[in-house]
Amino acid sequence: MSNYYKILNLKKGATGKEIKKAYRKLAVKFHPDKNSSPEAEEKFKEISEAYTVLSDPEKKLRYDKFGKAGLDGGGMNFNPEDIFSSFFGGGGGGNPFGGMPFGNVNFMGGGGPFNSFMNRKSRNSISQKGPTSKINTKITFSEMFNGCQKKFKIKRTLKCRNCNGKGIKSHYKTVTCSTCKGAGFISQRIVLGPGIISERRIACQTCDGEGEIIPEKAKCETCSGKKFIKKTEEITLDIRKGIHDKEVITLKNKGDESEQWTEPGNIDICVNVIPSPNINIKRVNDDLYIVKKILLREALTGLQLKFKHLDGKNILLSYNEIIKPNKYYRVIDLGFNNNGRTGDLIISFNVIFPDHIDEKRKEIINKILPKRKDLVDNSGFKQYTLFPIEEDDLIDEPNIDYPNHKENFECAQQ
């Protein structure tokens with residue numbers, strides 16, 4: 001820790017009046033209830049320790065002669081909040097903030113301001129927004145396309161409406177905690193070494209850091225003095241059309257209520273789409289891809305295809321040209337409607353071939369369809385016959401042509 005005079009921005013030999021003035025200015029500036037910066041609390045402790053030593057004539061004399069080595073406990077046996085309280089709130093110290101209320105304390109009058117310092121329920125410990133909870137829900141492929149509603153039961157902690165979160169019946173009063181005498185905390189002394197004592201404050205377990213307790217007969221009948229109750233609520237979630245898989249819907253302020261934050265947290269609901277059991281349907285961006293089976297005649301002479309769309313509408317597809325394999329066809333605005341943008345319906349076709357054609361039909365087809373020009377003269381070619389292979393007879397084995405092949409073989413040295 002730095003030189004005590006430097007901490008208070010003073011020169012060695014400063015008068016008691018100068019020391020008080022310097023402390024007053026810096027303590028108000030760096031008190032944690034006024035200054036929320038990360039280093040404020042440590043700075044406030046340094047200022048208080050310096051003032052503890054330099055404001056005491058005997059300690060100041062020893063410090064001026066021998067430094068910290070001349071002090072019992074190195075000057076560490078002190079409580080910064082007690083110093084601040086006695087300086088500003090002990091009567092005659094004046095109001096450092098010009099009589100204006102600061103935080104939860106009004107300095108006009110005595111009584112030990114900043115009693116909530118180090119209290120876990122102090123203003124500085126209260127967050128603006130509570131934590132966010134997360135929920136997962138599942139929807140079908142069809143629900144993703146059309147939108148849907150989902151109902152949830154959620155358990156929440158809510159402020160008791162009967163006592164408005166006070167925990168006490170009307171016309172009753174709390175009583176001062178006998179353990180902490182209303183401070184909300186108790187002090188603990190820790191001996192760090194010979195002559196070195198540290199003091200810290202912890203929340204009082206009797207009153208849970210409140211400084212006051214509610215008598216048994218005065219407790220609210222609804223929450224039993226706990227101020228908050230557990231409640232199960234049913235909520236209805238509207239899932240819009242065209243929502244994407246893993247998209248998150250936020251329900252604002254549906255989280256728990258607590259004294260630790262001023263506004264309830266949110267609930268994030270992650271929407272998980274169950275994969276469609278139909279392998280012939282999928283989503284790409286906002287386009288809907290489907291595969292339809294058609295007859296060979298339809299592929300060659302024109303198509304009139306009826307089917308029921310995902311939105312329940314009856315669709316008739318028409319196409320008067322030849323439908324070729326491995327080609328996609330588009331229908332405008334029949335895809336996913338997503339936030340005002342509508343994708344397209346993309347269709348590919350699997351042509352169903354007949355298992356058998358009689359000789360008469362073969363003759364007709366041969367007359368209609370074009371023939372290979374290179375089949376006019378087959379002389380010089382040896383003819384072989386094809387035999388169909390059943391799928392179960394196919395061999396799916398790597399390196400089938402080289403059964404003795406080793407993955408990391410080396411050529412023989414010459």
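I count a residue as exposed when its relative accessible area is over 50%, and as buried when that area is under 20%. I note that the model I consulted is a predicted one.

**Entry 1: the nonpolar patch.** I looked up I368 and found its place in helix 8. I recorded I368 as exposed because its relative accessible area is 63%. I then listed the nonpolar patch on the surface, which is formed by L300, I322, I364, I365, I368 and L369. Together these residues have about 530 Å² of accessible area. Helix 8, which spans residues 359-368, gives the most to this patch, with three residues.

**Entry 2: the positive patch.** I found K17, K21, K25 and K29 gathered in a patch of positive charge on the surface. K21 has 65% relative accessibility, so I counted it as exposed.

**Entry 3: E257.** Is E257 buried or exposed? I counted E257 as buried, because its relative accessibility is 17%. I placed E257 in the loop between strand 11 (248-251) and strand 12 (261-263). I noted that its side chain reaches the backbone nitrogen of K159 at 2.7 Å. I also noted a polar contact of 3.3 Å between the side chains of E257 and R161.

**Entry 4: the ends of helix 4.** Which residue caps the N-terminal end of helix 4? I identified D56, which has a side-chain oxygen 3.0 Å from the backbone nitrogen of E58. Helix 4 covers residues 57-66. After helix 4 I found G67, with a positive phi near 75 degrees.

Methods. Residues numbered from 1 in each chain as written. Predicted model: local features only at pLDDT ≥ 70, side-chain atom pairs only at ≥ 80, totals over all residues. Heavy atoms only, no water. Patch = residues over 30% accessible without salt bridge, like charges linked within 9 Å, V, L, I, M, F, W, Y side chains within 5 Å. Areas by Shrake-Rupley, 256 points an atom, 1.4 Å probe, with all protein chains shown as cover. Salt bridge = Lys/Arg side-chain N within 4 Å of Asp/Glu carboxyl O. Lys, Arg positive; Asp, Glu negative; His and termini not counted. Charge placed at Lys NZ, Arg CZ, Asp CG, Glu CD. Buried < 20%, exposed > 50% of the residue type's maximum accessible area, 1.4 Å probe, protein only. Helix = DSSP H or I, 4+ residues; strand = E, 2+ residues; numbered from the N terminus. Polar contact = N/O pair within 3.5 Å; in protein donor to acceptor, adjacent residues only side chain to side chain.
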